[in-house]
Amino acid sequence: MSSQIYCVESMPFAENTYILWHSGSPECVVFDPGMEPELIFDALQDKKLQPVAIINTHGHSDHIAGNAAMKARFPDIPLIIGEIEAPFLSDPNLNLSRKYGYDLISPPADQLVNEGDTILFAGFTFHILHIPGHSPGSLVFWAENEKILIVGDVLFSGSIGRTDFPGGSFATLAAGIQQKIYTLPDDTKIYPGHGPVTTVGQEKRTNPYVRAAN
């Protein structure tokens, strides 16, 4: 079965929600449901998919805004986030929604994960890496067999996540990218929280903010 990924872009932050599944199976995983969850529901219906997990890469508001709608529609599937980021779900200051003039509260997580954990959903085995610097508990999810890396706002095509939010650190983020992403196979596809898909090899060669360590 070949792996499939569909991106739903949610405004106003052009945030990428990813739906992952294997062809021939109705089961899917939804990463980072954004601020237009109806677009996610439309995609699920169109592709005849049934979510089996909701996963947040980190707790900033544009990546968790659709959690409540997803849990309302699919109450029996787990909502998963890193243990460090769990408080962001219920704190508008931490998740930055208050900064933008509204208070966002997500349902609580059903499962907390940390670096070194492995989770299995919809035929995918995700290895979890912790890469702080954009957000203190940002996690990256590596599906080794499919050469897929879901990175949230850690790394973008030709750029990196902002480090000027509370708990941010450029040095920490850069070190994590070099040590934990740039050491993966060059043909691993990177699916960022904003912008186009890239690869590990492409970013190692051309990313102006973080080059591969010598």
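**Entry 1. Salt bridges**

I count a salt bridge where a side-chain nitrogen of Lys or Arg lies within 4 Å of a carboxyl oxygen of Asp or Glu. I am working on a predicted model. By this rule I find 6 salt bridges.

I looked up Asp187 and noted that it forms a salt bridge with Lys147, the closest N and O atoms being 2.7 Å apart. Asp187 sits in the loop between helix 4 (170-181) and strand 13 (189-192), and Lys147 in the loop between strand 9 (139-143) and strand 10 (148-152), so this pair ties together parts that are 40 residues apart in sequence. I then checked the accessibility of both partners. Asp187 is partly exposed, at a relative accessible area of 43%, and Lys147 is partly exposed as well, at 36%.

I turned next to Arg98, which forms a salt bridge with Asp103; here the closest N and O atoms are 2.8 Å apart. Arg98 has a relative accessible area of 39% and is partly exposed. Asp103 is also partly exposed, with a value of 48%.

I recorded a further pair, Asp164 and Arg162, whose side chains meet in a salt bridge at 2.9 Å, N to O. Is Asp164 buried or exposed? I find Asp164 exposed, with a relative accessible area of 55%; the cut-off for that class is over 50%. Arg162 is partly exposed, at 41%.

I traced an open sheet formed by 6 strands in the order 1-2-3-4-5-6, with mixed pairing. Which strands stand at the edges? They are strand 1 (3-10) and strand 6 (111-113); each has a single partner strand, so one side of each is left without a neighbour in the sheet. From one strand to the next, I note a twist that averages 25 degrees.

Within this sheet I examined strand 2 (residues 15-22) and strand 3 (residues 27-31), which pair in the antiparallel sense over 4 bridges. I followed Leu20 to its bridge partner in strand 3, which is Val29.

**Entry 2. Helix 1**

I located helix 1 (residues 37-47) lying across strand 1, strand 2, strand 3 and strand 4 (50-55). The helix runs at about 150 degrees to strand 1.

I asked which residues of helix 1 are buried. They are Pro37, Ile40, Phe41, Ala43 and Leu44. These residues cover an arc of only 160 degrees around the axis, which puts them on the same side of helix 1. I found that the buried residues of helix 1 pack against strand 1, strand 2, strand 3, strand 4 and helix 3 (67-73). On the face of helix 1 turned away from its buried side I noted the exposed residues Gln45 and Asp46. I also inspected the chain just after helix 1, where Lys48 takes a positive phi of about 55 degrees.

**Entry 3. Gly168**

I placed Gly168 in the loop between strand 12 (159-160) and helix 4. Gly168 is partly exposed, with a relative accessible area of 28%.

What does Gly168 touch, not counting residues up to four places away in sequence? I list Gly133, His134 and Thr163. I also looked up the separation of Gly168 from Glu27: the two are 141 residues apart in sequence and 35 Å apart in space, C-alpha to C-alpha.

Note on methods. Residues are numbered from 1 along each chain as its sequence is written. This is a predicted model: local features need pLDDT of at least 70, side-chain atom pairs count only at pLDDT 80 or more; totals for chains, interfaces and linings use all residues. Side-chain values use heavy atoms; hydrogens and water are left out. Two strands pair if DSSP finds at least two bridges between them. Helices (H or I, at least four residues) and strands (E, at least two) are DSSP runs, numbered from the N terminus. Axes are lines fitted to C-alpha atoms, for helices over the stretch in contact, and angles run from 0 to 180 degrees between N-to-C directions. Contact means heavy atoms within 4.5 Å. Buried means under 20% relative accessible area, exposed over 50%, partly exposed in between (1.4 Å probe, protein chains only). The arc is that of the directions from the helix axis to the C-beta atoms.
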